[in-house]
Amino acid sequence: MNFNISNSQDIEKKDIDFFISAIGYETRSCFIAKKLSSNIKKGLYIRLKDYGSDSYRSVQAEYDKLKFENLCDNFNDIKRRILAVIPENEELHIGVDVSSMPRSYSAKVVNSLTERCTPGTILTVLYTPAKFTVPSDGFGPVVYSGPVISEYAGWSTYPDKPPIAIIGLGFEYDRAIGVIDYLDVDISRAILLMPESIDKRFDHAVRKANKLLLDQIDRRQIIHYKLDCPSDTLITITSIAKGLSNSNRVIIVPFGPKIINTLSVLAAELLREDVTVWRVSGEEFESPIDRHSSGELIYLSLEII
Amino acid sequence: MENKLGLFESLNARHLTPEEVAQRFISPEVFDELVLPTNSIIIGPRGSGKTTLLKMLQIPAIKNWSHVKKDEHLNSITYISAFIPTDITWKEQWSTIDQSAINSQTKQLIKDSVFVTHVIRSILEGVRHCLEIINSSNPRLSELSINLSKDDERKVCELVSDLIKIPCEIPSVEFLEFSLRRRLVDLGALINSIRVNPSGSDYPEYINLPFAETLSGLISIINLVIKRPNQKWAFLFDELEIAPEGIRQKLIRLLRSTYDQNIILKLSISPYSEDFDLFGDPSSPSAENDYKAINLWYSTKEDARPFCKKLFEQVCKRYGVDDATPETILGFSEFDLGNKLNSLSGTAYASNSLLVQRFKSLYKKDSSFREYIQKRGVDLNSIDKMNEEERASKIRKITNIVCVRDTFLRDSGEKSTKRRPSLYTGATSILDITEGNPRLFLGIVSKLIKVYSQKRVQVNASFQAKTILESSDRFRALLGTIAVKVENEEHKNLNELLDDIGNFIYKEVVIKKFSADPPTCFIVDDLTPKNVQNALGKALNAGAIVYMPENPGHALIEDLKKKRFRLSNLLAPHYKIPMLASKARQLSSILKSKYPEPSTPYTKDIFDESN
């Protein structure tokens, strides 16, 4: 898929033909849907695993009020259902709220939409950051370490070229430095994407969780990105990856806020086989944490060309 | 961009060209065996030097290597090498075919085809290396050089193109390499189209190329054209555990000496894989007849020390401090005080010595240790008057345990301002922590030698301790990223499993009644759950646990059951345990005991320098 960054009209004033989000245990998963409800013509949700939490029930109730429909209940049905529901050959405005979607799900949604979307369609990625909660210490569960989905594994015709990593920093304790060694990439050449949040407590937590890595690298390896400027961040990731891909196999590992995962996937859409987007996950063994919206709405609109 | 690590600390040979590898290369004894024109399997965990050793067999590396043994080794290198790299990221790319709906046989053919294309391209790269040394002044290198006239080059390209079913628009080796990359593009497109439309794809003829026969045919063509029918070729397959399963199994079978006499296989592999049961088959290759197994790990710290010392000397030379000994730079380890000083001056056991202070300190605070010492009739004020044999059995044997126990058992209700060096620092301890693993060694020790070289003053214990802790934390971060299968919500990452083992040993050594022989090893018994065995296999390949075979020999493991292991010494500071391989306990009983990490009031932090 090729696209241009669309001049961002105020999203609250723009009609959305199809709006795709997720129902899960996070209360924030319905924040954007509620905020934009008067603009949404057709609302769809992907049902995530029900851990029996109260928040799940209340989110379901909100979506019922908004008259959203169930798109699908599992990952394997995402593409089939999107191709069935989203009409072909129409210029549409499609919104995707990635706030509560697992990274593999949002990647699958974006990839499925690239097959379906006609030039002229506007794709808007939406995200609401969570209210700050103190992150847990220690290592989380890891049951998967590989491409975010197979469509973004990339394909290198130069397997002898050295791999290089662009790593988004999150507050998973020491995970970034762990994955650098796991992938056998050169730590002295890794590019680290450091988020700048509106709530500075997140930034502090990210620094703390990655202290071991930050103490070992040159400051010039760190690229700061503003969470509320996704268009700039997309351009940054794409241009860095493009530049590095001449001499290296580029692996993007987008730890951190979920929107960085989606921006990485969009970069991979532009750069195609030159880039791998990687995911490390505990899947269903991660402790479900109910995250509430901070009240901010961040979005990026792209025009498919 | 400034490299904080410095020139000599680029720790991973994967990132280096053969020339750069040669600049940094410290030749272990096993290299003498590896260079021989025979099949080899190099076995070792991460960072043990497998890639470095294979890359050193390439012509650009040997050419750029300055060493007294260079010519001697060149006499053995009668073969042209082709280095075939692989890594996790690349493996994940061609593994995406597994998610398609086509049959498994076709999946295997496509994966093999990707790998074969990669191998052929690597062989042609090897040919290019030989073309580049045509004017070498070294007679041995000159013998390996290839001189291809335009006509010869055309012949090679035409015959190879026909063999591997590839168009030959421009008859040059370089264009052939380009065409192979183009083939990889086509294979990527094929995999994508299969994913979208499994039944609608056409399969090109070349995916049926047989692996062994194709490689054999390729070098036969080259040998024919260069008129060297007996020219040997060495295919250096790195990280074989990442190769497609079909290729891996074929390569293992090809180690039989009945394969092509002009092909030598040198394979590098991690110690554990479930398909190593191939070696158990009666028709499988044997270590005595068909290949040489080269182990790059050490069961005991004593085995690792000679190589560590050699590494140490080489790094000192590079920093211009070759007159310094490990003890000059790092001081003496508490664990080693009895062994070192005793032989020098006999003062290690004087009543006011550091070692005896340790024993007395523990004697004072630990009634079970008191009981132990009294039962054996040891007078702590007269250890220096004991004969050597008695001292060895009653004192030296328990020194490691006493040091750890004394360090981490808090004096009840007492405070002391006495400062003590951090327990795991000092020359012998630092070398032992690295387990003879070059990557680990260079990561820890190079930093310390560099600091010494700047001021020529012994590196202080707290900086040594900080460096060890950073390495240990980094290692655990890596282990925390390795995916494991979780059952019953237990051991959701590798560190949780290792924590169970480490905390158990800590309890046995520090918390329970004093024992001169606490269990510090474990045996994977039949009651160990399968998912735990799988996780331990990954831990072994990562170097987090070390295999302790009863008999030295074959180090390839396809089944962990009934085998004895210990934790890596690098994890000893984290778990507050001695670097000691003593008796073993069944793993299933360790996992059942589930000792939580001790709470702070009872025990001290590892690098607490005050009492």
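Me: Before we start, what do the numbering and the confidence limits look like?
Reply: Residues count from 1 along each chain as its sequence is written, while chains are lettered from A and ligands numbered from 1 in the order in which they are written. The model is predicted, so local features need pLDDT of at least 70, side-chain atom pairs count only at pLDDT 80 or more, and totals for chains, interfaces and linings use all residues; side-chain values use heavy atoms, leaving out hydrogens and water.

Me: What makes Arg121(B) and Asp160(A) a salt bridge?
Reply: The term asks for a side-chain nitrogen of Lys or Arg within 4 Å of a carboxyl oxygen of Asp or Glu. The closest N and O atoms of Arg121(B) and Asp160(A) are 3.7 Å apart, so the pair passes. Across the interface of chain B and chain A the rule finds seven salt bridges, and over all chains the search finds 58.

Me: How many residues does each chain bring to the contact?
Reply: Chain B brings 49 and chain A brings 47, where contact means heavy atoms within 4.5 Å. The two chains bury about 4400 Å² between them, 57% of it on carbon and sulfur atoms. That area is the accessible area (1.4 Å probe) that two parts lose on being put together, summed over both.

Me: Which elements of chain B give two or more residues to the side that touches chain A?
Reply: They are helix 6 (88-95), helix 7 (104-132), helix 10 (173-196) and helix 22 (461-479) of chain B. Helices here are DSSP runs of H or I with at least four residues, strands are E runs of at least two, and both are numbered from the N terminus. Helix 10 of chain B gives the largest share, eight residues.

Me: Why is Lys250(B) called partly exposed?
Reply: Lys250(B) has 32% relative accessibility, so it falls in the in-between class.

Me: What about Lys385(B) and Asp384(B): exposed or partly exposed?
Reply: Lys385(B) has 65%, so it is exposed, whereas Asp384(B) has 33% and is therefore partly exposed. Their side chains meet in a salt bridge at 3.8 Å, N to O.

Me: What makes helix 5 of chain A mostly covered?
Reply: Eight of the eight residues in helix 5 (residues 175-182) of chain A are buried, among them Arg175(A), Asp181(A) and Tyr182(A). The helix is followed by Asp184(A), whose phi is positive, near 55°. Asp184(A) is found in the loop between helix 5 and strand 9 (191-196) of chain A. At 9% relative accessible area, Asp184(A) is buried too.

Me: Which other residue has a positive phi although it is not a glycine?
Reply: Arg456(B) does, at about 60°, in the loop between helix 21 (438-455) and helix 22 of chain B. Its relative accessible area is 41%, so Arg456(B) counts as partly exposed.

Me: What makes a set of residues a nonpolar core?
Reply: The members must be buried Ala, Val, Leu, Ile, Met, Phe, Trp, Tyr and Cys residues joined through side-chain atoms within 4.5 Å. The largest one has 224 residues, and Phe235(B) is among those with the most contacts inside it. Helix 7 of chain B gives the most to this core, with 10 residues. Beyond its neighbours within four places in sequence, Phe235(B) is in contact with residues including Ala82(B), Ile123(B) and Leu215(B).

Methods
Buried < 20%, exposed > 50% of the residue type's maximum accessible area, 1.4 Å probe, protein only.
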